[in-house]
Amino acid sequence: MSLEAVVETLGPEVDYPEEESFILFSQSIPSQNLGFVDSKATILDLSIGGRDLTIHQSPTILSSNRGGGTTGAVVWKITPLFASWITHPSNLLFKHGILNTTSTILELGCGISGIIGLTLGPLIKLYILTDQEYVMKYLNRNLGENQADSSSSASKSRKSTSKTKKDVMRPTSTHAVSNIIAKPLDWETDQITSSLTGSETKIGFDAVIACDCIYNDALIKPLVDTCRDACQLRLAGGKDTPTVCIVAQQLRSAEVFEDWLKEFHKAFRVWRVPDQVLAGGLGSDSGFVIHIGLLR
């Protein structure tokens with residue numbers, strides 16, 4: 001594994017959040033509306049990296065007045081783009097051995113689709129999807145049906161109020177299919193521990209992913225704190241190799257983005273993933289951006 005090679009490929013580190021925000025929001029950002037794939041459809045048929053997925057989503061939950069947020073109820077445009085990028089054979093994290101068949105990845109704010117887990121999970125050892133309890137019913141269904149479809153095909157051919165944190169392990173709403181696990185996790189109330197892996201011996205994660213989770217300034221600190229806590233587990237366990245934090249997002253509000261980056265920058269060294277190692281639809285002027293962070 002060569003973390004140095006990844007850092008060299010990424011180029012200059014982000015030193016000033018304000019400057020990074022100015023550069024990104026000076027681009028010709030296309031109109032994406034809010035960034036839904038289709039906020040009215042209850043079923044989406046997607047093809048990612050040669051994998052066909054049928055995703056159930058809930059416009060009803062999205063338009064409801066549910067307290068605690070509803071944005072995880074539908075698929076956002078950056079999610080399939082990010083999934084295509086990170087699972088591509090030429091992805092820099094796989095190319096340089098940061099991710100491989102022995103890796104464990106934690107995703108924060110995965111939403112109802114499970115798209116990244118469904119596509120990235122087969123390439124690694126363990127993928128843990130997390131989000132609030134309300135997405136679990138649809139998430140479990142999407143994981144179960146798409147994994148079942150994959151198995152069937154194979155056989156035929158051959159998200160702010162301060163609250164006291166508690167341990168995240170709960171017996172309910174936990175769904176495991178193959179090496180893909182889904183568990184409820186609230187950034188404001190739950191404590192991140194290695195128990196999320198379901199293993200007594202596994203310490204921490206090789207990577208933490210947050211895809212399009214930055215839209216509400218009230219959740220910036222809880223999200224960053226959760227990213228930091230998840231990445232600290234490996235160091236606290238005496239492991240030398242740091243956890244890589246990967247944050248992908250749509251560029252919507254310069255103020256919210258800058259506030260997030262200032263907070264993230266306090267805890268992480270930060271690099272923006274450059275165009276030359278990005279897949280189509282994610283480069284400059286796309287309205288999307290991916291940053292990689294390493295704990296300070």
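Okay, let's start with a word we'll need: a residue is buried under 20% relative accessible area, exposed over 50%, and partly exposed in between, using a 1.4 Å probe and protein chains only. This is a predicted model, where local features need pLDDT of at least 70, side-chain atom pairs count only at pLDDT 80 or more, and totals for chains, interfaces and linings use all residues. Residues are numbered from 1 along each chain as its sequence is written, and side-chain values use heavy atoms, with hydrogens and water left out.

So, the overview. The protein chain has 296 residues, and 54% of them count as buried. You'll find 9 helices and 12 strands in it; those are DSSP runs numbered from the N terminus, with helices being H or I of at least four residues and strands E of at least two.

Now look at isoleucine 115, in helix 6 (residues 115–120). Why does isoleucine 115 count as buried? Because its relative accessibility is 1%. Beyond neighbours within four places in sequence, its contacts (heavy atoms within 4.5 Å) include Leu46, Ile48, Val75 and Thr79. Threonine 79 is 36 residues away in sequence, yet the C-alpha to C-alpha distance is 7.2 Å.

Next, the rings. Searching the whole structure gives 6 aromatic pairs. In one, phenylalanine 257 and tryptophan 260 sit 5.7 Å centre to centre, tilted at 50° between the planes. For pairing, Phe, Tyr and Trp (six-membered ring) centres lie within 6.5 Å; under 30 degrees is stacked, over 60 edge-to-face, the rest tilted. Both residues are buried and belong to helix 9 (residues 254–267), 3 residues apart, about one turn. Ring pairs also join them with Phe25, Phe264 and Phe268 in a cluster.
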